[in-house]
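Good morning, and thank you for coming. Please look at the structure on the screen while I speak.

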Amino acid sequence: MTALLTGCLALPVFSVTAQTATPTSPTLRVLVDGKPPVVLDHNTLTAMPLTRADTPAIHHEPATHWQGVSLEDILQHAGAPSGEQLRGHGMTTIVRITATDHYQVVFSLAELDPMLGNEQVMLADTQDGHPIAKDGPYRIVVPGDKRPARWIRNVTTIEVINSTTPSP
Ligand SMILES: Nc1nc2c(c(=O)[nH]1)N[C@H]1C(S)=C(S)[C@@H](COP(=O)(O)O)O[C@H]1N2
Ligand SMILES: [Mo]
């Protein structure tokens, strides 16, 4: 019994020690094929142009005011091609986003490009004026989607990958 109690008491102490060792400023990795990896911290993101969106109540999500930065701005910051540079094989380039629970979603680079699809997709870091807590610190919000399945929570990594298949 004493051994059992000691075991139970020791566990929380161990996990507190482990938590203090993790970084306090969460970072986001942006990996663009052929470019050096970019790690974005909170300060870099807040220096980028602010975007806002108001989304109505859909699915389980309440009506919400979001603030953050546009995904397109993040991709350009990390060196992804855009505008006139985005052509040919670039039409099969995908943007794959991964979360802490390994949920993943993809967009095409062309659907996000301001000269092509110009679809508004944001990386939100505040929800109704507060930092996104358990679903954050970063969540993708696609105000134009009819169902929030691509509103991936707890984003950790954004990858820009060419998905061209070899010719037969
Ligand atoms: N990280 C992560 N984000 C996620 C999901 C998930 O499983 N993991 N589910 C998605 C789906 S399918 C929906 S409908 C919305 C809302 O999910 P909820 O209904 O569980 O809040 O979040 C999306 N974002
Ligand atoms: Mo869903």
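Leaving out residues up to four places away in sequence, Pro143 touches Ala53, Thr55 and Gln120; two residues are in contact if their C-beta atoms, placed from the backbone, lie within 7 Å. This is a predicted model, in which local features need pLDDT of at least 70 and side-chain atom pairs count only at pLDDT 80 or more, while totals for chains, interfaces and linings use all residues. Residues are numbered from 1 along each chain as its sequence is written, and chains are lettered from A and ligands numbered from 1 in the order in which they are written.

Pro143 lies in the loop between strand 9 and strand 10. Helices (H or I, at least four residues) and strands (E, at least two) are DSSP runs, numbered from the N terminus. A residue is buried with 20 or more other C-beta atoms within 10 Å of its own, exposed with 12 or fewer, and partly exposed in between. Pro143 and Pro56 are 87 residues apart in sequence, yet 8.7 Å separates their C-alpha atoms.

Strand 1 pairs with strand 2 in the antiparallel sense over three bridges, and with strand 10 in the parallel sense over four bridges. Val30 stands opposite Val38 in strand 2, and its bridge partner in strand 10 is Ile158. The hairpin of strand 1 and strand 2 has five residues between the strands, and Gly34 in the turn has a positive phi of about 80 degrees.

Gln104 in strand 6 is the bridge partner of Thr98. Four residues lie between these strands in their hairpin, where His102 takes a positive phi near 70 degrees. Val105 is also found in strand 6. Val105 counts as partly exposed because it has 16 C-beta neighbours inside 10 Å.

I come now to the core. In soluble globular proteins, nonpolar side chains tend to be buried together. Here the largest nonpolar core has 30 residues, of which Leu71, Ile74, Val95, Met122, Leu123 and Ile140 touch the most other members. A nonpolar core is a set of buried Ala, Val, Leu, Ile, Met, Phe, Trp, Tyr and Cys residues joined through C-beta atoms within 7 Å. Among the elements that each supply at least two residues of this core are strand 1, helix 3 (71–77) and strand 7 (122–127). Leaving aside neighbours within four places in sequence, the contacts of Ile140 include Leu71, Val105 and Trp151.

Conventions
Two strands pair if DSSP finds at least two bridges between them.
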